[in-house]
Amino acid sequence: MRRLAAALILSLLASLAVVVPTAAPAQAAAVVSSDPARLGAYPGLVREDFEGSKVGDGQAFDCGPTVVSSATANSCYDVGDIAPGVTLDTPSSTTYGVGAGTAGFEGLTSTVVMSFQFVDSLSLAFSGRVEFVGFRLGSIVSSGTCGLKVTYADGSPATTRNLACPALPSMGWVVIEADRPIASVILSGDGAEVIDDLAFGSRAVPRIDVRKPSVNRKAGTARLPVAVPGIGTTTVTGPGIRTASVDSARARVLVLPIAARGPAARKLKRKGKVTVRVTVTYRPNAGSPVTALKSVTLRKKRR
């Protein structure tokens, strides 16, 4: 009887157990507008106007099966022609890719990129921290409606909108301001969505952490660790030192070499010690640069 009672109590407790669900990412808030003046609020945005392509004047070409980015070469662009931080693709097509059209094509006055041969989507994928995206949008087909889908790096639900998609040569602005990092922007519609004057970047002010240097007394140099938030170039400058730069492809701690020159190098050799004031500048791929100051004391064993 006692065993039966204990079993009944355990069964009752199990039925009353509370299961705590895993919290899902909150619904993202993205403001989508047609106001290009918003670009002025973020002066450090990366700009890409798609000029400098290999497509002849007044023509439009399929760039080939590869994606279009700063790291790829194709029939439209060479490596490095496109600003780093964005990759353009047509994920819904295995036959045609991203295309480029130059001034004179469909009455255009500048170079554009498009989903070629009327494939039904054009994707812009971003690396680094991007919460702001702006571009001009149009369509090769008659004026109509294009679909907009904004996905987020944290996996929160996508933002979707229907946008006016004017026929070329007319184009209208699309400006997206999100409260969290954007992973991609996908455009869809009747096909041949066209964009120009792309701008993207972070709404947040980047921060860097300049840490304690390690000194090489034998060489009279130092190594200065700096924690950076993402893609960009970090440079150290200052009177009495050699300028040095290090690129970063992700958030990490990089090391900047500190070496004296000129009068500072002569003082170091003569006295075995010199203090230099250095400026560390991080220039992100998307966003405004940030600067920090640091005093570094170099020491060298005197013979």
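## Arg180 and its partner

Arg180 is buried, with a relative accessible area of 12%; buried here means under 20% relative accessible area, exposed over 50%, and partly exposed in between (1.4 Å probe, protein chains only). Its side chain meets that of Asp179 in a salt bridge, 2.8 Å from N to O. A salt bridge is defined as a side-chain nitrogen of Lys or Arg within 4 Å of a carboxyl oxygen of Asp or Glu. Asp179 is partly exposed, at a relative accessible area of 43%.

## Basis of the values

This is a predicted model, in which local features need pLDDT of at least 70 and side-chain atom pairs count only at pLDDT 80 or more, while totals for chains, interfaces and linings use all residues. Residues are numbered from 1 along each chain as its sequence is written, and side-chain values use heavy atoms, with hydrogens and water left out.

## Salt bridges

Side chains of opposite charge can pair when their charged atoms come close. The structure holds eight salt bridges, including the one between Asp179 and Arg180.

Another joins Arg136 to Asp196, with 3.1 Å between the closest N and O atoms. Arg136 lies in strand β8 (residues 132-139) and Asp196 in strand β13 (residues 193-201), so this pair ties together parts that are 60 residues apart in sequence. Strands (E, at least two residues) and helices (H or I, at least four) are DSSP runs, numbered from the N terminus. Both Arg136 and Asp196 are buried.

Lys54 is partly exposed, with a relative accessible area of 42%. Asp78 counts as partly exposed too, at 37% relative accessibility.

## Disulfides

There are two disulfides in the structure, a disulfide being a pair of cysteine sulfur atoms within 2.5 Å. With bonded cysteines counted along the chain, the pattern is 1-2, 3-4.

Cys63 is joined to Cys76, with an S to S distance of 2.2 Å. Cys63 is in the loop between β3 (60-62) and β4 (86-89), and Cys76 is in the loop between β3 and β4; the pair, 13 residues apart, links distant parts of the chain. The link of Cys63 and Cys76 is left-handed, with -100 degrees about the S-S bond. Cys63 counts as buried at 2% relative accessibility, and Cys76 is buried with a relative accessible area of 0%.

The sulfur atoms of Cys146 and Cys165 are 1.9 Å apart and form a disulfide. Cys146 belongs to strand β9 (residues 144-152) and Cys165 to strand β10 (residues 159-165), so the pair ties together parts that are 19 residues apart in sequence. The torsion about the S-S bond of Cys146 and Cys165 is about -70 degrees, so this disulfide is left-handed. Cys146 is buried at 3% relative accessibility, and Cys165 is buried with a relative accessible area of 2%.
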